[in-house]
Amino acid sequence: MAYRYAIYWAPPRDHPLWREGCAWLGRDPETGERIDPNPPDGMTEERHATLTSEPARYGWHGTLKPPFRLAGGESEAALDGAIRAFATAQAPFEVGRLVVRPLSGFLAVVPAERSPPLDALAAACVSTFDAFRAPPDPGEIARRQRAGLTPAQQANLARWGYPYVMDEFRFHLTLTGRLPMDEAVPLGEVLAGRFAGALAEPIRVEEVALYVEPAPGAPFILRRRYRFG
């Protein structure tokens, strides 16, 4: 059994946003392929590896339900069946324009404007699959509290096991770890150019994906995609 599971949105394999994101992070989480890094001019491979190590481990994705351990008595097979049923009841929808922007100290691909359908999909994933989630352990709760949470985020942590869900949710596909603003601004401009072609293509959400972490600290793997309708 995997250590943790997560329900994410992944761009379709044939969409340039999937190819560009996997290339930037250096890993395809669906096939396991390693991709040679192509750092921007003036950036060393070592700096690129440092900036992308954490998002690369989680795999190219937009979070819907954050990583969780299975509750006692639950199984991956049961979770798989529940996601299949959930996806069958969903209708595809278009996503508005996506852009590269700083977000809480890192760079990410985010909606240019809030997307109510995306927010609703994420909220539905958080609540629908909550019965499969084991409570976070005390160490995890303490670590998140040390980051300094708002009352709303504290309430989310207590109720849903994660601070940044429901009204605190911001859809994003992570490009880097945390970096200083004097580096974030120029790198953001570079990445906006690199992703311009991919982000110019229409994006349609018509599936969700199950990602798994096979062992603590191991790279997440895209186990399965679930088509809507």
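# Burial, strands and spaces

Tutor: Of the 229 residues in the chain, 50% are buried. The model is predicted.

Student: How many helices and strands are in the chain?

Tutor: The chain has eight helices and nine strands.

Student: What makes the chain as compact as a globular protein of that length?

Tutor: Its radius of gyration is 17 Å. The globule rule gives 17 Å for 229 residues. The two values are close, so the chain counts as compact as a globular protein of that length. Along the principal axes, the C-alpha atoms fill a box of roughly 50 × 40 × 35 Å.

Student: Why does Ala-71 count as buried?

Tutor: Buried means under 20% relative accessible area. Ala-71 has 15% relative accessibility, so Ala-71 counts as buried.

Student: Where does Ala-71 lie?

Tutor: Ala-71 is in the loop between E2 and helix H3 (76-88). Its C-alpha atom is 9.3 Å from that of Asp-130. Along the chain, Ala-71 and Asp-130 are 59 residues apart.

Student: Is Ser-104 buried or exposed, and why?

Tutor: The cut-off for exposed is over 50%. Ser-104 has a relative accessible area of 54%, so Ser-104 is exposed. Ser-104 sits in the loop between E4 and E5.

Student: What is phi of Ser-104?

Tutor: Phi of Ser-104 is near 55 degrees. That is a positive value in a residue other than glycine.

Student: Why is Met-166 called partly exposed?

Tutor: Met-166 has a relative accessible area of 27%, so Met-166 is partly exposed. Met-166 is found in the loop between helix H6 (151-160) and strand E6 (173-174). Phi of Met-166 is also positive, near 55 degrees, and Met-166 is not glycine.

Student: What makes E4 and E5 a pair of strands?

Tutor: Pairing needs at least two bridges. Strand E4 (residues 98-103) and strand E5 (residues 106-111) are joined by six bridges, so the two strands pair. E4 and E5 run antiparallel. Two residues lie between them, and the strands form a hairpin. Ser-104 is in the turn of this hairpin. Leu-103 stands opposite Phe-106 in E5.

Student: Which residues does the largest nonpolar core hold at its most connected points?

Tutor: The largest nonpolar core has 58 residues. Leu-17, Trp-60, Leu-79, Leu-121, Leu-175 and Phe-195 touch the most other members. There is also a second, separate core of six residues. Leu-103, Phe-106, Ala-108 and Val-110 are among them.

Student: Which residues line the largest cavity nearest its centre?

Tutor: The lining has 15 residues, and Pro-67, Phe-68, Arg-133, Glu-140 and Gly-161 lie nearest the centre. Strand E2 (residues 62-68) gives the largest share, four residues. By class, the lining of the largest cavity has nine nonpolar, one polar and five charged residues.

Student: What is the volume of the largest pocket?

Tutor: The largest pocket has a volume of about 1,200 Å³. It is lined by 36 residues. Glu-54, Phe-106, Arg-144, Tyr-162 and Tyr-164 are the closest to its centre. Strand E1 (4-9), helix H2 (45-58), E2 and helix H5 (138-146) are the elements that give two or more residues to this lining. E2 gives the most, with five residues.

Student: What classes of residue line the largest pocket?

Tutor: The lining of the largest pocket has 16 nonpolar, 10 polar and 10 charged residues.

Student: What is the volume of the second largest pocket, and which residues line it?

Tutor: The second largest pocket has a volume of about 170 Å³. Its lining includes Arg-101, Pro-102, Leu-103, Val-110, Pro-111 and Glu-113. E4 and E5 each supply at least two residues of this lining. The largest share, three residues, comes from E4.

Student: How many nonpolar and charged residues line the second largest pocket?

Tutor: The lining of the second largest pocket has five nonpolar and five charged residues, with one polar residue besides.

Methods: Residues numbered from 1 in each chain as written. Predicted model: local features only at pLDDT ≥ 70, side-chain atom pairs only at ≥ 80, totals over all residues. Heavy atoms only, no water. 1 Å grid on protein atoms, 1.4 Å probe; cavity = no way out; pocket = protein on both sides within 12 Å on 5 of 7 lines; lining within 4 Å. Nonpolar A, V, L, I, M, F, W, Y, C, P; charged D, E, K, R; others polar. Points joined across faces, edges and corners; volume = space filled by probe spheres on them. Core = buried A, V, L, I, M, F, W, Y, C linked by side-chain atoms within 4.5 Å. Buried < 20%, exposed > 50% of the residue type's maximum accessible area, 1.4 Å probe, protein only. Rg over C-alpha atoms; globule rule 2.2 N^0.38 Å.
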